[in-house]
Amino acid sequence: MTARPKAHRTRGPLAALTALLLAACALPAHAGAIGHGSPLAVDDLYRGNNLNRDPGDTVQTQTSVSSGRFIRLFELNRRYQTSGQPFIMQPHQSTVEQLRQLGRVDGPMHEQSDQESRNSNVPSGYVFFGQFVDHDVTFDTVSSLDRPIRDSDTENARTPALDLDCVYGGGPDRTPYLFDLPYLVEGAEIAQGRRDLLRRTTFANGGASRQASAPAKPAAQTPAQAAPARQAQPQVQQQQVRQQTTDSSDINNAIFGGGGGATQPQQPQQPPAAQPAPQPQQPPAQAPVPANPHFPAGAKLDVALIGDPRNDENVVISQLQAAFIAYHNKVVDHLLAKDGINLAQLRRNADAATGEQRLQLLADLDRISKNVFERARNHVIHYYHRMIVEDFLPRIIGLDRVQAIRTKGRKLYYPRGWIDRQTGERVQPQIPLEFSGAAYRFAHSMVRGRYKLSTNTQGVPLFGFAEGPNAKDMRGFSPIDYDRMIDWAFFFTMPGSDRNLVQSSRPIDTRLPTALFKLHEGGVVPPGDVVSLAARNLNRGRTYQLPSGQAVARAMGLPRSLILAPDRATVDNLGVRETPLWYYILQEAKQQGVRPLEAAKFSLANAGPLAESEQVYAQNVTTSAAQAQKVQQLTGSEGGDILGPVGGTIVGEVLLGLIDHYQTTTGHGLAFTSEIDGRMTTTPVPGIGNVYQVGNMIVDAGVGNPVR
């Protein structure tokens, strides 16, 4: 089928972006948002679907609304009788002020320093990879922190598909300036063969644009020389407008993901005018940036030209985005070499010909380039899905839970699959609010306040806490300099790298680092706004009218012995006996998210089998302290290794469901047969086999060399 991207629409202004993010990244505020370059981006993407529930079905709860909206796994005002006494599902009952007290600065969720937290078994890079995945499927442009929102008004401005539209944008037709088919355009070189993202330079407060001379693009070369040839790209220097806003919206996507937050700038609505080949096309000029006290007149801003500008929010995710671009280009090189195609020679032949022969040669070159590009994209998405299934999810929810969902099927998230049994038409997925507003925000507790970026740059703060005139932090939306170039051996285990260099994430628990409690000091939120990410997350759950964690656990049919009692922090601050869903998922990971000791032998950073909950929690434990003590006695773990039953099921079913949907509707993804497996690295895992990890992708992309 023909992939024709569907423009997203926005509902009203983008709400309460921070001054920093507004000036640094906002693109036009008109309705045409980011297009998608995947085969799933078709006209019916936002149409409702009939999920064809059987009468009395107590599991399938998705509603027939536009797939551009969010959905619920657990319907409000519905009677559930799956565990214990029947009950009616209701939103968790806490006020804004009570939730802010629980998530306040210096409160029970505030981890005062990185040194106070132990290391988890998860390398720190997976927090950023999780953010990358989040940006691929969710973006809430409508809700705010101030008031609950009706289900009919929730809006997801991303296609709910793991299709890497953040890399491929709207495809060559709608965003041609991202492409030099069959390659993707890369940005300026940083050092050691590593490249930044393609960027557009703007100037704040209406300062005049300063047009720099663009480097000449060298002639195309053979596949072996193709990488250097495609790297010198024009520097696009234009101005742009940002949206002024006043209400207090979520900014979570500026801080390691979470499925909400109007921090994503909009791409140009119309495709840019065609430029003479082979130069990449450029986005249209925009109006000047309005005045902003955070940036003096004429301040230079550099905005990444990528499918999702949120993937420039910090230096790790921006370089992960650049790694995926480099990875695509390496795959192209492998495919050209496999086919014995010399693009440079084909171009020279076309340039030397005249008349009808030249037109025919150019048509052949265009056909070959498009064919290789589509094959390369299918390969990249295939390996991306393998990274999620074989690497990311086993570390986050446990290998046994991954295998159980894949073999036994989903019980909550579209358990009847992706093909309507009566019509034979495909079912379009939607993202659950329980996922975007709670379960997938688990990684906020894994964040550290400072990171080593390389042997040259250590202890770099997330944002705004560095001192001195040359101090650096990890904020993005600007070109990457050498001192902030990521040495991936500090973030992922990779073939041939020193595993002792890898920094660990914090465990999944109910505490967040200081950096996420002082967002105003980093310029992430304006003074006077809610400065604690914990408080913002808790109130985001209230905005979405999410039920308590205990209610969800009961509706899932968990045994009473596995359903947590509220801990002291929630009882003291909320005055209720039920726990907000996001907090419950963190508490559950701390108390139940353990792996057996023998899993330490696995090289997959302890991503071994999930402990059998029924054995670990054979006794009915009613307090968090007693349960945590029992966990440590029976497993030797302090908890926080992986998500527990509620969080792990929601995260696992949604991501594995989206992977299944892509495979079902395209025939590709995990089902795609790679032509170049022999050219890709893999990681052997005893008892499991060869898996494809994020570290393998980084090495295969050619960006895994140490930073010297």
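The exercises below, each with a worked solution, concern a predicted model.

**Exercise 1. The chain as a whole**

Determine how many helices and strands the chain has, and what share of its residues is buried.

*Solution.* Begin with the secondary structure: the chain comprises 19 helices and 17 strands. Next, take the accessibility: of the 708 residues, 63% are buried. Finally, consider the contacts between residues at least 6 apart in sequence: 77% of these join residues at least 24 apart.

**Exercise 2. The packing of helix α3**

Classify the orientation of α3 relative to α7 and relative to α9, and identify the residues in contact.

*Solution.* Step one concerns α3 (residues 125–137) and α7 (residues 315–339), whose axes are 9 Å apart and pack at an angle of about 70°. Angles of 65 to 115 degrees count as roughly perpendicular, and α3 and α7 are therefore assigned to that class. Their crossing is right-handed. On the α3 side the contact is made by F128, F129, Q131, F132 and H135, and on the α7 side by V316, I317, L320, Q321 and F324.

Step two concerns α3 and α9 (residues 355–397), with axes 12 Å apart and an angle of about 130°. The two helices are therefore oblique to each other. The crossing of α3 and α9 is left-handed. Here α3 contributes Y126, F129, G130, F132, V133 and D136, while α9 contributes Y384, M387, I388, D391, F392 and R395.

**Exercise 3. Helices α10 and α18**

Describe how α10 passes α18, giving the angle, the handedness and the contact residues.

*Solution.* Helix α10 spans residues 399–408 and helix α18 spans residues 645–666; their axes come within 10 Å and cross at roughly 50°. This angle makes α10 oblique to α18. The crossing is right-handed. From α10, the residues R401, V402, I405 and R406 take part in the contact, and from α18, P645, G648, T649, G652, E653 and L656.

**Exercise 4. Aromatic rings**

State how many aromatic pairs are counted, classify the pair Y413 and Y414, and list the members of one aromatic cluster.

*Solution.* Rings pair if their centres lie within 6.5 Å, and by this rule there are 24 aromatic pairs. For Y413 and Y414 the ring centres are 4.9 Å apart and the planes stand at 80°, so this pair is edge-to-face. Both residues are buried. One aromatic cluster consists of Y126, F128, Y451, W488, F491 and F492.

**Exercise 5. Arginine over tyrosine**

Identify the ring over which R540 lies, and decide whether Y544 is buried or exposed.

*Solution.* R540 lies over the face of Y544, 5.6 Å from the ring centre. Y544 belongs to the loop between α12 and α13 (549–555). Its relative accessibility is 1%, so Y544 counts as buried. The C-alpha atoms of Y544 and E434 are separated by 8.6 Å, although these residues are 110 residues apart along the chain. Another such arrangement involves R377, whose charged end sits over the ring of Y168, 5.6 Å from its centre.

**Exercise 6. The setting of R536**

Locate R536 in the secondary structure and determine its accessibility.

*Solution.* R536 lies in helix α12 (residues 533–543). With a relative accessible area of 1%, R536 is buried. Its C-alpha atom is 8.7 Å from that of L99, a residue 437 residues away along the chain.

Methods: Residues numbered from 1 in each chain as written. Predicted model: local features only at pLDDT ≥ 70, side-chain atom pairs only at ≥ 80, totals over all residues. Heavy atoms only, no water. Phe/Tyr/Trp six-rings, centres within 6.5 Å; stacked < 30°, edge-to-face > 60°. Buried < 20%, exposed > 50% of the residue type's maximum accessible area, 1.4 Å probe, protein only. Lys NZ or Arg CZ within 6 Å of the ring centre and 35° of its normal. Axes fitted to C-alpha atoms, helices over the stretch in contact; angles between N-to-C directions. Helix = DSSP H or I, 4+ residues; strand = E, 2+ residues; numbered from the N terminus. Parallel < 35°, antiparallel > 145°, perpendicular 65-115°, else oblique. Left-handed = near helix turned anticlockwise from the far one by under 90°. Contact = heavy atoms within 4.5 Å.
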